[in-house]
Amino acid sequence: MAVLTIRNVPDDVHRALKAKALKHGRSTEAEIREILKNAVEHQSQVKLGSLLSSIRKEVGVIKLDTHRDKTPPSPLDFT
């Protein structure tokens with residue numbers, strides 16, 4: 001695993017992170033890892049429903065003919 005060093009974190013931010021970690025029952029370092037992991041995962045994951053909705057907004061409504069053609073097929077002629 002990689003090691004990450006963050007410098008010049010304001011004291012109030014550090015205190016807030018420590019309080020949040022205590023609330024969740026983990027170390028400050030573990031809390032920061034969880035925050036970073038969640039920040040990256042939520043940005044990179046595209047939900048299928050959201051993707052389909054955005055495509056529909058771009059393309060608009062498409063009407064499909066779903067009625068089945070009941071005409072019998074013509075036999076193939078191999079001669």
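Trainee: So helices (H or I, at least four residues) and strands (E, at least two) are DSSP runs, numbered from the N terminus. What kind of model is this?

Mentor: This is a predicted model, where local features need pLDDT of at least 70, side-chain atom pairs count only at pLDDT 80 or more, and totals for chains, interfaces and linings use all residues. Residues are numbered from 1 along each chain as its sequence is written, and side-chain values use heavy atoms, with hydrogens and water left out.

Trainee: Thanks! How many salt bridges does the structure hold?

Mentor: There are 3, each a side-chain nitrogen of Lys or Arg within 4 Å of a carboxyl oxygen of Asp or Glu.

Trainee: Where do Glu29 and Arg33 sit relative to each other?

Mentor: They are 4 residues apart in helix H2, so about one helical turn separates them.

Trainee: Is Glu29 buried or exposed?

Mentor: Glu29 is exposed, at 55% relative accessible area, while Arg33 is partly exposed at 47%. Buried means under 20%, exposed over 50%, and partly exposed in between (1.4 Å probe, protein chains only).

Trainee: And what does Lys37 pair with?

Mentor: Lys37 meets Glu34 in a salt bridge, 3.7 Å from N to O. These two are 3 residues apart in helix H2, again about one helical turn. Lys37 is partly exposed at 39%, and Glu34 is partly exposed too, at 25%.

Trainee: Switching over to Arg26, which residue is its partner?

Mentor: Glu31, with the closest N and O atoms 2.6 Å apart. Arg26 is partly exposed at 33% relative accessibility, whereas Glu31 is buried at 2%.
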